[in-house]
Amino acid sequence: MTISVKAIIGSTSSTSNNLKLVEYMKNRYADKLDITPVFINDVETFSIDIENDPTANVNKFKADVKDSDAVLFAVPEYNYSIPGALKNAIDWLSRGGDLTIKDKPAFIVGSSMGVLGSVRAQMHLRDILSNPALSPILLPGNEVYIGSIHEKMNEAGEITDHGTIEFLDLVVNNFIEFYHKTNTAITI
Ligand SMILES: Cc1cc2nc3c(=O)[nH]c(=O)nc-3n(C[C@H](O)[C@H](O)[C@H](O)COP(=O)(O)O)c2cc1C
C-alpha cells in the first residue's frame, strides 16, 4: 500500500530547488509514497475579512491538502524564517474550523543554498505547526537540512550527493514506520 502524501511546496519560484527536491523524492520513493506537490502561489493573502468566504483557490488548496494520508512540508529559508507565502498558506490551514492538518502524519524537508540548509526556517515551522489549530503529528527525531543544495543536485534535478540520498532513504523509511505506528495508535 502506498501512502498518499501532499507535499506543500514552500517556495513560489518556478525554479525552486525545494520543488526539485520533492520531484526527486516523488520518483525515488514511488513504490512507497504517492507524493503530489501542492502549490501555494495562488493562495490569496489571508484576511479576517474574507475568512468566511474564501476564494476558490484557497478552498482548492485546503481540499488538496486535506485529501491525503500525510503531509510533507518542503521548506526554503527566507531571512532566517519560512517564506511569507508559506506562512500565509499555513494561516489558511489553521482557519475555517475544519482542522485541515490536525493529527495528520507529517514530515519536513528543506534545502537552501547556504550551508545550514533551512535549519532556522524549520525551527520556526515546527513552532508554528504546534498551534492547536494546526498540530499535525510530526515525525520526531528526523530533521532534513540540505545545505548547499545547488552543489548536490544536477541540472536534471537529481541529487548527486550520496550521503544526502542515503539520509533521505533513511528518513523516508523512518516516516513510513512512524506512519504505520501512528495509524495503529489512532485506530485502536
Ligand atoms: C528573500 C530571500 C531571503 C533568503 N534568506 C535566506 C536565509 O536567511 N538563509 C539561507 O540559507 N538562504 C536564504 N535565501 C536563499 C534561499 O534559501 C535559496 O534561494 C533557496 O534556494 C530558496 O528555495 P527555493 O529554490 O526552493 O525557492 C534567501 C533567498 C531569498 C530570495
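This is a predicted model: local features need pLDDT of at least 70, side-chain atom pairs count only at pLDDT 80 or more; totals for chains, interfaces and linings use all residues.

Colleague: Which residues is Phe 107 in contact with, leaving aside its neighbours within four places in sequence?

Modeller: Its partners include Met 25, Leu 33, Leu 72, Val 171 and Phe 175. Phe 107 also belongs to the largest nonpolar core, which has 31 residues, and is among those that touch the most other members. Helix 5 gives the most to this core, with eight residues.

Colleague: Why is Glu 51 called buried?

Modeller: Buried means under 20% relative accessible area. Glu 51 has 14%, so it counts as buried.

Colleague: And what makes Arg 95 partly exposed?

Modeller: Its relative accessible area is 34%. That value lies between the 20% and 50% cut-offs, so Arg 95 is partly exposed.

Colleague: How do you know that Glu 51 and Arg 95 form a salt bridge?

Modeller: A salt bridge needs a side-chain nitrogen of Lys or Arg within 4 Å of a carboxyl oxygen of Asp or Glu. Here the closest N and O atoms are 2.7 Å apart, so the pair qualifies. The two residues sit in separate loops, so their pairing ties together parts that are 44 residues apart in sequence.

Colleague: Why do we say that the buried residues of helix 2 line one face?

Modeller: Those residues are Val 58, Phe 61, Lys 62 and Val 65. Seen down the axis of helix 2, they fall within an arc of 90 degrees, so they line one face. On the other side, Ala 56 and Lys 60 are exposed.

Note on methods
Residues are numbered from 1 along each chain as its sequence is written. Side-chain values use heavy atoms; hydrogens and water are left out. Buried means under 20% relative accessible area, exposed over 50%, partly exposed in between (1.4 Å probe, protein chains only). Helices (H or I, at least four residues) and strands (E, at least two) are DSSP runs, numbered from the N terminus. The arc is that of the directions from the helix axis to the C-beta atoms. A nonpolar core is a set of buried Ala, Val, Leu, Ile, Met, Phe, Trp, Tyr and Cys residues joined through side-chain atoms within 4.5 Å. Contact means heavy atoms within 4.5 Å.
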